Amino acid sequence: MLTARDALSGYLRDRAGDFLRGLRLYGDSGSGAAAAAAEQAVRELRDSARGIGSTLETYGALFDPAWAGHFGGELAWLSATLGQEQACAARLHRLVSALGRLSGLAVPPASTRVPAPAPEAAPGAASVPRPSPGPGANGATVPRAAVPGGAPAGEWAEPPVAAPEPAPAPPAPPGTATLTVGASRAGALLDRQLTLARTRAHTAALRALGSSRFHAVADAVAVLASDVPLRPTAQAPAEHALAGPGEAARRRLLDAVAALPLARAAHPYNAEALLHGLSAAPGSEAQDAPWHRVRHLLRLHRCANEARGLRDAADAQWIEGAARALDRHRDAAEAAAAAASAARTPRIAPATAYALGVLHADQRLEVEAARFAFQRLWQQHAADAAR
């Protein structure tokens with residue numbers, strides 16, 4: 001008969017093996033062509049850390065309480081630290097792509113920098129006369145040194161031939177020029193802010209991976225691969241010992257979903273996500289918290305089922321779809337918050353602030369669309385469970 005110790009030990013050994021493989025892959029990777037391998041290694045480290053931490057949170061009563069509490073906190077710290085860089089990069093890509101879509105024009109990619117304006121001459125500095133583009137009044141030729149790309153000074157060249165005047169461009173639609181300038185400047189501002197945040201997150205991740213705190217976590221995971229500190233109650237059959245905590249995780253998920261405004265989310269574009277968008281203290285971030293909690297509880301429910309060995313294809317398919325919808329909700333909400341933060345930058349141009357405001361509203365509508373998608377998935381799941 002399979003005991004709870006056997007089930008949990010086997011599941012945690014698998015997650016610990018994933019962690020150690022990611023650690024080995026990270027150690028073997030370097031710069032240049034191996035950067036993608038390092039990114040994949042960090043992702044595996046984070047995913048396995050979240051899996052172990054979710055198991056400890058759900059079935060904590062079967063583990064040593066002091067060990068589970070401390071180790072779970074360290075895993076949460078590691079997962080949060082390793083996920084910041086990727087989150088900043090994805091947020092920047094999402095916002096710049098949205099700017100291009102909203103403006104209808106090509107917006108420079110995230111890596112493009114807007115060139116700085118030419119510096120003005122210092123007060124009192126001698127002014128350099130501009131060379132004449134053609135022959136002077138007396139018909140004299142121009143020194144070749146004054147012509148870009150010409151020969152050294154002292155040699156003479158014929159005056160440059162004037163280029164034909166270009167055909168006049170068609171007039172732009174009303175407001176296009178303002179929107180284009182605002183979108184470009186908004187993209188540059190977001191690029192500067194989020195690239196700086198990504199650089200700081202990368203530095204924090206490197207420091208974390210080289211710290212004694214991380215090595216202690218890695219040592220604990222290595223020990224976990226062979227010895228799991230479970231309590232004597234884990235000797236009970238897995239069917240009974242794991243059913244209670246697993247059902248409690250499912251019940252917490254159901255209660256959290258019941259607290260969501262699903263009736264309003266059943267109607268697309270109901271402006272719930274834009275509520276208080278123009279108030280002095282925006283409440284959009286506060287109303288996102290219950291949805292983020294559902295996302296967290298859904299992950300705990302999935303890990304609880306995996307640890308119990310429950311492999312219902314229909315349930316797994318629903319969980320995967322719901323997780324994608326809630327991930328989309330989280331990404332859009334954080335992108336909207338980044339746009340709002342950029343709009344609060346002092347002394348930005350009105351066109352830039354306008355573009356950031358449009359971008360914020362667009363991402364809040366994406367939040368609303370994700371809520372609508374989750375509501376439809378949940379209602380379908382509830383109907384299937386009632387049959």
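## Helix packing and nonpolar cores

Leaving aside residues up to four places away in sequence, Y59 touches L8, L242, P245, G246, A304, A307 and R308. The model in which these contacts are found is a predicted one.

Y59 also belongs to the largest nonpolar core, which has 36 residues and in which L8, I52, Y59, F63, F71 and L242 are those with the most contacts. At least two residues of this core are supplied by each of α1, α2 (35-58), α3, α4 (176-209), α5, α6 (238-241) and α9 (284-308), and the largest share, seven residues, comes from α1. Another core, of 19 residues, lies apart from it and includes L297, L300, F374 and W378.

| Helix pair | Angle between axes | Axes apart |
|---|---|---|
| α1 (residues 4-28) and α5 (residues 212-224) | about 135 degrees | 8 Å |
| α3 (residues 65-103) and α10 (residues 313-343) | about 75 degrees | 10 Å |

The angle of about 135 degrees makes α1 oblique to α5, and the crossing of these two helices is left-handed. On the α1 side the contact is made by L12, R13, A16, F19, L20 and L23, and on the α5 side by F214, A218, V221, A222 and L224; these residues divide into 10 nonpolar, no polar and one charged.

For α3 and α10, an angle of about 75 degrees falls in the range from 65 to 115 degrees, so the two helices are roughly perpendicular to each other. Here R91, R94 and L95 of α3 meet R328, D331, A332, E334, A335 and A338 of α10, and the contact comprises four nonpolar, no polar and five charged residues.

Technical notes. Residues are numbered from 1 along each chain as its sequence is written. This is a predicted model: local features need pLDDT of at least 70, side-chain atom pairs count only at pLDDT 80 or more; totals for chains, interfaces and linings use all residues. Side-chain values use heavy atoms; hydrogens and water are left out. Axes are lines fitted to C-alpha atoms, for helices over the stretch in contact, and angles run from 0 to 180 degrees between N-to-C directions. Helices (H or I, at least four residues) and strands (E, at least two) are DSSP runs, numbered from the N terminus. Angles under 35 degrees count as roughly parallel, over 145 as roughly antiparallel, 65 to 115 as roughly perpendicular and the rest as oblique. A crossing is left-handed if the near helix is turned anticlockwise from the far one by less than a right angle, and right-handed if clockwise. Contact means heavy atoms within 4.5 Å. Ala, Val, Leu, Ile, Met, Phe, Trp, Tyr, Cys and Pro count as nonpolar, Asp, Glu, Lys and Arg as charged, and the others, Gly among them, as polar. A nonpolar core is a set of buried Ala, Val, Leu, Ile, Met, Phe, Trp, Tyr and Cys residues joined through side-chain atoms within 4.5 Å. Buried means under 20% relative accessible area, exposed over 50%, partly exposed in between (1.4 Å probe, protein chains only).
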